[in-house]
Amino acid sequence: MVSIEEALKLINHQQVDLIPDELPLAQSLDCYLSDQIISPFDLPSFDNSAMDGYAVCGEQKSFEIIGEVAAGNTVDTRLKEGQAIRIFTGGKVPENTTAVIMQEKIEVEGKTLKLEDEPVKGKNIRKKGVEIAAGQVVFETGHRITPATIGVLSSLGFGTVSVYQQPSIHIIATGNELVEPGETKKIGQIYESNSQTLASALQNQGFYCGGRKIIEDDLEAITAGISDSLNQCDVLLISGGISVGDYDYVKQALEENGVQEVFYKIFQKPGKPLYFGRKENQFVFALPGNPASSLTCFYVYALPLLQRLSGGKGDGLMHVNIPISHSYEIEFDRPVFLKAKIENKNVTILDGQGSSMIHSMAQGNALVFVKGPIKLTEGDLVDCLLI
Ligand code: AMP
Ligand code: MG
């Protein structure tokens, strides 16, 4: 049995090999950059108007209107003292422009533009390079591609981007009692839920499950299923069969496949019977079968490794300290992850903390981490992992 800190250290110290790849920008969301991005040009690349209105040259209150510039207009125009031109947001500002005047602040009489106030130099002009300068480092290696990152890279004209390959991931759920949702179940059977929960958690965190199967509690079948997955994936997530019951064959099946244990069992609740192992460059998490334990262990232990395997730092879920909305006494001798809901700047510990209970996790949006027995009073700050 290891502590949470030891387990995380053992996971974070695993040597991982990263493989760079070139992807179309549209397929790169949630990947991590394998190279720095340097801006090929200034952004914006020309002075342009921040408003619909008139570009004027001079500091008087009356101008002669000489034409119009719409966004996308590629004709080079220049103004002389006393001239104005109709311009729209994003339009290239003519040479010699003093300012762009909002259309709400002007009056037009024939070809004459009249202003309420004198123009303020540079007003409503988005200067070339004001956001990003040519040659500037826009993103460092290891930056995670978010929708806004895609926006920046598109603006800079990138059609493809260099990223690290994502690990290929398989999921195996074990248990004689498990029936696929949608099929008919008999008394004593239950619907299998962990594999789809884990596949969704992967998707939610920017990963993809490349194979999912359900296997009965049979040493030979589990050994064969693991072998089949290890022929195809980098990371294998297994649920169930890792406790000490008579039908828990996963540990033995992993040994038979040459997977070496890194640790087994963590001093925590829920999720004590977690196994982590490695076979050359492949990793296996055997997660407890209880649904809340399985998902909690995925978030706390598997996610940081998946992030590192794709080129990230492996920070796992985001943590925040939030005041608790009520008093709460924790009597467990072990560190606990409690299902909780953050609402109105406070966090509330939910009912239904059992390892098998995932409904409370679905109602909530956080796990509160507490190290041991403690009496919490309203307003105490607690460590929340955002799920
Ligand atoms: P195990 O870790 O295999 O002993 O399973 C612990 C508990 O979790 C048992 O009540 C199982 O029925 C339940 N369980 C195991 N695997 C799953 C699964 N894939 N979906 C839903 N419940 C499961
Ligand atoms: Mg089982």
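Here is a short chat about why some parts of this predicted model get the labels they do.

Me: Why is Thr98 called buried?

Reply: Buried means under 20% relative accessible area. Thr98 comes in at 10% relative accessibility, so it counts as buried. You'll find Thr98 in the loop between β6 (83–87) and β7 (99–102).

Me: What does Thr98 touch, not counting residues up to four places away in sequence?

Reply: Contact means heavy atoms within 4.5 Å. Among the residues that Thr98 touches are Val56, Cys57, Gly58, Val120 and Ile125.

Me: How do you know that the span of helix α4 agrees with what it should be?

Reply: Helix α4 (residues 219–230) has 12 residues, and at 1.5 Å a residue they should span 16 Å. The expected span is 1.5 Å times one less than the number of residues. The end C-alpha atoms of α4 are 16 Å apart, so the two agree.

Me: And why say that the buried residues of α4 line one face?

Reply: Those buried residues are Ile222, Thr223, Gly225, Ile226, Ser229 and Leu230. Look down the axis of α4 and they fall within an arc of 165 degrees, so they line one face of the helix. In general, an α-helix has 3.6 residues a turn, so residues three or four places apart point the same way.

Me: What do the buried residues of α4 pack against?

Reply: Their partners include β13 (169–174), β16 (209–215), β17 (235–239) and α5 (250–256).

Me: Which strands are the edge strands in the sheet of six?

Reply: The order is β16-β13-β17-β20-β19-β18, an open sheet with mixed pairing. Its edge strands are β16 and β18 (260–264), as each pairs on one side only.

Me: What makes β13 and β17 a pair?

Reply: Two strands pair if there are at least two bridges between them. β13 and β17 have five, in the parallel sense. His170 stands opposite Leu236 in β17.

Me: How many bridges join β23 to β25?

Reply: Five bridges join β23 (residues 336–343) to β25 (residues 366–370), and these strands run antiparallel. In β25, Val368 is the bridge partner of Leu338. Both strands sit in an open sheet of five, ordered β21-β27-β25-β23-β24.

Conventions: Residues are numbered from 1 along each chain as its sequence is written. Chains are lettered from A and ligands numbered from 1 in the order in which they are written. This is a predicted model: local features need pLDDT of at least 70, side-chain atom pairs count only at pLDDT 80 or more; totals for chains, interfaces and linings use all residues. Side-chain values use heavy atoms; hydrogens and water are left out. Helices (H or I, at least four residues) and strands (E, at least two) are DSSP runs, numbered from the N terminus. Buried means under 20% relative accessible area, exposed over 50%, partly exposed in between (1.4 Å probe, protein chains only). The arc is that of the directions from the helix axis to the C-beta atoms.
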